[in-house]
Amino acid sequence: MHASRRQFLSGMSALASSVAAFGFSPAFGQVTSSTIGGANLEVTKSLCVHCVNFCGIEVHKHDGVIREIRPDPGRREIYNHGICPKGVSGAFTAYNPYRIKTPLKRTNPKKGLDQDPGWVEISWEEAFDEIIPRLEKIKAENPSKLIWQHGHGKYLIGDKFPKAFAKAFGTPNVVHRTTTCESSRHVGDDITWGYHGFLPDLAHTNLFLVFGSSYFEAEQYARWMDHAVTDARERGMKVIVIEPRLSHSGAKADRWIPIRPGKDVAMMLAMTKILIDDGVYDEEFLVTYTNAPQLVGEDGRILRDGEGQPLVWDAVSQSAKTFVEGVEPTLRGSFEVDGTPVRTAFDVFAESLSESTPEAASEICDVPAETIREIAGMIAKEARIGTTTIVDGFEHRYRPVSIHSWRGMSAKEHGVQNWRSALVLQMLLGIPDAIGGHKLGKVLDHPEYMEPAKCEYPPKRVDLAKSVYFPNGHHDVCQQVALTLLEPKAYGLEYVPELQIFYATNRPASTSETDKQYASMEKTFNVTIEVHMSETAWMSDIVLPDKSYLESWHFAPTRKHNYSSHTAIRQPVANVYSLEHDGFTILWEIAKRLGIRDEYIEQINAQWKAKEPAFEPGRDYSDKEAVEILWLNATKGKPFQEAIEKGFDGSLKTADKVYIKGLEDHMKGPGTPKMQFYADSMLGTFEKVEKVVKENGISNIDLDKYRIAYSAFPTFEHAMPTPHREATDFPFYLLTFKRMYRNQTACSNTNPILNFGIGKDTQDNGIHINPAAAKELGISDGDSITLETRIGQTHGTAKLTESIRPDTIGVAYSYGHMIAGWPQYAKLGTDVNKVLELHPDVVSGMNSFNDTKCRVIKA
């Protein structure tokens with residue numbers, strides 16, 4: 001072991017021992033206690049919140065010091081079998097010497113990452129005295145001038161608390177991070193079937209196609225999918241991963257197809273054309289559950305009757321009718337209604353694919369035409385159209401093929417259309433909600449998502465969500481906040497925001513064109529609530545310390561699989577630095593001092609739907625009391641002591657409950673809403689955008705761009721984002737990706753276990769380049785190189801690897817931080833976000849992380 005590494009780890013061990021003398025809060029959860037080898041052992045059931053998997057954990061304390069974190073075996077059948085390196089080393093989050101331990105006040109009015117903030121330690125009372133008068137002024141003048149931004153903070157206290165506070169205060173500006181995650185995939189789902197969220201039915205899938213998803217590392221549901229995919233492969237499921245960089249998912253697949261970045265939609269459409277041309281589609285499913293048989297006029301819009309109901313061609317009466325009992329919709333054909341020619345939506349889409357041949361797609365995506373045909377043939381065979389199977393005595397449609405993606409298809413300028421191409425192909429074969437297929441979440445939970453969007457103007461929100469700028473941005477548009485702050489009048493905002501509260505988010509560092517993000521923070525008074533210093537905190541005026549996830553109570557978010565559900569809590573194990581507040585109590589204290597506590601309580605009840613029991617006005621609640629109320633509501637009165645002892649309440653579902661509670665209940669047959677195979681609502685939204693832009697003389701909206709984005713179905717145009725069309729002098733495609741031990745960094749970058757204990761390459765991300773490309777540029781492994789895009793340069797170390805296409809550069813994000821007080825190892829690596837162009841998906845607001853072009857220069 002290297003001497004400096006040994007010394008650091010030894011020091012951390014000493015730190016862990018010494019902090020036991022600080023004492024611990026008496027409000028800890030009940031634990032299982034025993035004595036082993038003379039040491040007092042306490043085991044607490046809780047939940048990891050290092051990332052969005054929310055794994056069940058057991059925290060082991062020896063003589064009052066956290067010594068070990070293990071997966072909770074009680075949740076093995078409910079969700080996670082294991083936990084990742086971040087979870088295992090989570091104790092460092094509590095014992096981290098780099099934590100913020102007291103409120104800090106900025107004394108240097110000049111802001112910048114190159115500026116010393118001149119921090120002075122202040123008391124909590126002094127901190128609230130700085131914040132409350134400013135909030136009182138804003139509330140009296142215009143509450144919208146307050147912005148609350150959270151990222152992982154949503155999961156530390158639950159976003160319903162900030163939303164309740166914002167309602168009580170009067171601001172519409174609560175902004176989450178989804179557009180830096182997967183919002184375009186969500187919106188593609190929302191538009192298609194009325195809500196979002198799905199999982200592959202891996203217990204019964206035979207062919208699993210993955211277009212960019214890191215389920216062996218660190219995305220949502222990864223700690224279920226890792227073991228579920230492994231088990232499925234052992235029983236014979238084939239996994240094909242289609243992505244430009246060989247991820248861990250690809251490395252553990254049966255086959256890796258290195259597609260050109262951003263061109264997934266071309267391959268998907270070519271496979272769809274093959275299937276349609278070969279007559280391989282599930283007509284019964286398309287007619288019963290989707291709008292594919294609805295009639296489309298010459299203007300491209302769905303034909304409707306006088307009451308606005310869509311029309312189909314009835315095979316019985318040979319006329320246009322609404323789909324009610326007794327009507328038999330025709331899937332294919334051209335007809336005439338009142339002298340006007342019409343076609344079925346299915347045929348309009350099928351005819352749009354006339355030039356989407358495998359050869360044409362191959363030119364775009366660089367996957368051989370014969371490979372595209374081969375994969376389409378595998379899909380056709382494995383889809384088993386027309387068959388059923390029996391699970392747990394329940395017989396249902398059987399389509400053991402599933403297409404999965406995360407940021408691979410969504411982090412694009414045309415992310416919604418990219419993902420809809422996968423949805424359309426799966427609808428074609430009857431895969432949604434089939435056994436072995438693509439299991440949907442809460443179908444039709446928000447039917448308004450399937451209607452033309454509102455297109456507000458002037459915008460109410462600073463992120464422009466749901467305005468004419470991002471009509472379907474109902475998952476917030478976090479990176480837009482900064483751009484609006486820099487030019488509020490340019491976007492028609494009728495107020496100028498004055499104060500921002502950032503809770504557990506490093507927003508400026510985690511999106512594209514970071515220089516603009518940092519510059520925007522000079523426009524407002526900023527308060528950051530965080531466990532340790534970050535770039536966001538560095539640019540703030542007041543910094544408030546937060547407790548770690550091992551130190552506070554929380555009614556916790558959970559993950560599940562298709563056959564499970566559970567409710568869980570997080571409970572404190574320690575209070576290492578004797579901190580007085582966490583996010584929950586800070587928000588409560590602010591509401592109380594503003595005189596809106598009872599309004600806040602009313603909104604908490606509304607947001608959480610708390611009734612039995614409800615939060616009562618006229619009194620304060622501790623975080624533990626709040627968790628108990630939410631537990632009792634969620635479990636319909638199960639004793640809170642059970643939560644403390646077990647950590648969760650969960651159960652497994654039978655097959656009839658799994659496959660019936662979606663499309664079968666809400667979209668089957670006559671008289672029900674239909675999945676949007678043909679997204680007529682998007683055409684309706686574009687018509688609204690065009691009208692609002694022309695009526696208001698809006699000059700910063702390119703209608704041609706919106707017309708392409710708001711097509712009723714995906715096309716080859718959606719494979720050509722702005723940088724791919726314009727940055728012709730930049731030869732490489734630039735990709736970003738996540739590493740398990742660095743994404744959602746909260747203390748990961750200063751964690752010595754993650755930076756030393758699990759491998760020498762964890763401190764530096766490196767700039768990944770194919771050896772063939774590197775040879776042409778005279779670059780060797782380990783050389784210092786510069787990465788240049790149209791908006792700037794960043795620097796790093798060449799990492800030569802065959803696991804990336806020769807025309808592609810890959811850089812893991814969450815590296816290259818700039819905090820002066822951190823150890824050197826925490827600041828290593830390349831900051832890739834600052835050179836990424838921002839061309840957000842105008843439908844959803846999703847950040848276009850994977851569309852930038854670049855060049856590489858040897859230093």
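What share of contacts in the chain between residues at least 6 apart in sequence join residues at least 24 apart? The share is 72%, with contact meaning heavy atoms within 4.5 Å.

This is a predicted model, in which local features need pLDDT of at least 70, side-chain atom pairs count only at pLDDT 80 or more, and totals for chains, interfaces and linings use all residues. Residues are numbered from 1 along each chain as its sequence is written, and side-chain values use heavy atoms, with hydrogens and water left out.

**View 1. The whole chain.** The chain holds 30 helices and 33 strands; these are DSSP runs numbered from the N terminus (helices H or I, at least four residues; strands E, at least two). Its radius of gyration is 27 Å, close to the 29 Å of the globule rule for 859 residues, so the chain is as compact as a globular protein of that length. The radius is taken over C-alpha atoms, and the rule is 2.2 Å times the number of residues to the power 0.38. Along the principal axes, the C-alpha atoms fill a box of roughly 85 × 70 × 60 Å. Of the 859 residues, 64% are buried (under 20% relative accessible area; exposed is over 50%, partly exposed in between; 1.4 Å probe, protein chains only).

**View 2. Thr 736 in strand E28.** The strand spans residues 732–737. Thr 736 has 7% relative accessibility, so it counts as buried. Its side chain makes a polar contact of 2.9 Å with that of Arg 407. Such a contact is a pair of N or O atoms within 3.5 Å; within protein, one must be able to donate a hydrogen and the other to accept it, and residues adjacent in sequence count only if both atoms are side-chain atoms. Beyond four places in sequence, Thr 736 also contacts residues including Val 811, Tyr 813, Phe 849 and Asn 850.

**View 3. Trp 224 in helix H8.** The helix covers residues 222–234. Trp 224 is buried, because its relative accessibility is 7%. Leaving out residues up to four places away, Trp 224 touches Tyr 79, Leu 199, Pro 200, Leu 202 and His 561. Val 416 is 192 residues from Trp 224 in sequence and 25 Å away in space, C-alpha to C-alpha.

**View 4. Pro 97 in a loop.** The loop runs between helix H3 (91–95) and strand E5 (104–105). Pro 97 is at 34% relative accessibility, so it counts as partly exposed. Tyr 577 lies 480 residues from Pro 97 in sequence, but their C-alpha atoms are 9.6 Å apart.
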